[in-house]
Amino acid sequence: METKKDSCEPTHNSRNFTSPVYIGQIGVGGSNPVRVQSMTNTDTRDTSATLQQITSLYNAGCEIVRVAVPDQTAAENLKELSQHSPLPLIADIHFDHKLAVRAISSGIQGIRINPGNIGTEKALDNIVHALKERSIPIRIGVNSGSVERDLLRAHGGPTPEAMVESALRHIRLLEERDYYQIKLSIKSSSVLNTVQAYRLLSQKVNYPLHLGITEAGTLIRGTVKSSVGLGILLFDGLGDTLRVSLTGDPVDEVLVAWEILRSLGIRKRGPEIISCPSCGRTEIDLLSLTREVEKHLQAVQEVFTVAVMGCPVNGPGEAKHADIGIAGGKECGVIFCKGEVIKKVSERELLTEFKKELNNYLDSISEKS
Ligand code: SF4
């Protein structure tokens, strides 16, 4: 008798394939990977500080970066920024069509502006004309604070339905002008409203979706809110780019975004560092040790698993699946590989020896690849 194979393996829903657009060389939507995006928080008029931050974001794994363009000086600076930036740039503009046209002609690879907020039909015509000339995408970014008054009245507030209706209005303005290189975001600071809004919107249009929870907060709160909200949507198969909005260093946004993608098995980049929570058996400063290991591996892009465990009794066993690991003990520690102890060293030499073994391991995997 044929038996049915049980599978308890959780898998995400199949990806919702949207119509792809290109931000420079980076494909977004369709069968392209889910892209990691961030935004600079430097003054866009300060070329050196902005390029420095963009480079840090690039090194952390960012693939697309948005810069705020609050005035003409910032718009004028986009030309130099886009010439030297290692990442494709999206200019973020509110309301001002002259700034938008100027930014588009400067050589940036995408723009974020809401077509319904520009003012006159003529001003929007000018923007679409400039977009067509350069053939770059526009992101419509609806958030709970940008919903039009009549929709707020009709829906009793910035509900997911009101946000979706607002997004559809903006989309229509571009479609009426035969422009379809569109990317959409529909963010709220409420996780549940954001999830609901993206789900509703994805049933109505097939443009790529940029995911985010707006004003998510500082590192801990923002990471939790973004991980829950974006995690649900990505698990649903929705999302073509994501930004984890955090109050703080944007490099953290990129690191968190990669951990979200990694935890869902969607994309991987760099080593996964697992560390035990420590307990009464821990006799070393596990937190400093873990931070030192993280620092040592910061720029590494190879995918492998590193364990940092608090004791040699349970550590190697608990981290059997790790490719390489370290476990601290009393005045000594062990280095292990695939669950087997390969070296025992004094506590003083533990970190130095582990860094050497990590480098050897990296050499061995790069030889194989
Ligand atoms: Fe405690 Fe050792 Fe487990 Fe860490 S690995 S939590 S120190 S038992």
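Which residues touch the most other members of the largest nonpolar core? In this predicted model, they are Val69, Ile93, Ile111, Leu184, Ile186, Leu201 and Leu242, and the core they belong to has 76 residues.

Helix H6, spanning residues 160–175, gives the most to it, with eight residues. Apart from this core lies another, made of 27 residues, including Val293, Ile324, Leu362 and Ile365.

Leaving aside residues up to four places away in sequence, Leu184 touches Arg139, Ile140, Ile171, Tyr198, Leu201, Val205, Tyr207, Pro208, Leu209 and His210.

## The open sheet

Next comes the sheet: eight strands with parallel pairing form an open sheet, ordered E8-E7-E6-E5-E4-E3-E10-E9. Strand E8 (182–187) and strand E9 (210–211) stand at the edges with a single partner strand each, so one side of each has no neighbour in the sheet. Helix H7, residues 191–204, packs on the sheet and touches both E8 and E9; the direction of H7 makes about 150 degrees with that of E8.

Further in, strand E3 (residues 35–39) runs parallel to strand E10 (residues 241–242), and two bridges join them. Here Arg35 stands opposite Thr241 in E10.

## Domains

Stepping back to the whole protein, the domain assignment gives domain 1 as 21–263 and domain 2 as 272–368. Taken over C-alpha atoms, the centres of domain 1 and domain 2 are separated by 39 Å.

Terms used: Residues numbered from 1 in each chain as written. Predicted model: local features only at pLDDT ≥ 70, side-chain atom pairs only at ≥ 80, totals over all residues. Heavy atoms only, no water. Core = buried A, V, L, I, M, F, W, Y, C linked by side-chain atoms within 4.5 Å. Buried < 20%, exposed > 50% of the residue type's maximum accessible area, 1.4 Å probe, protein only. Helix = DSSP H or I, 4+ residues; strand = E, 2+ residues; numbered from the N terminus. Contact = heavy atoms within 4.5 Å. Domains from an automatic or database assignment. Pairing = 2+ DSSP bridges. Axes fitted to C-alpha atoms, helices over the stretch in contact; angles between N-to-C directions.
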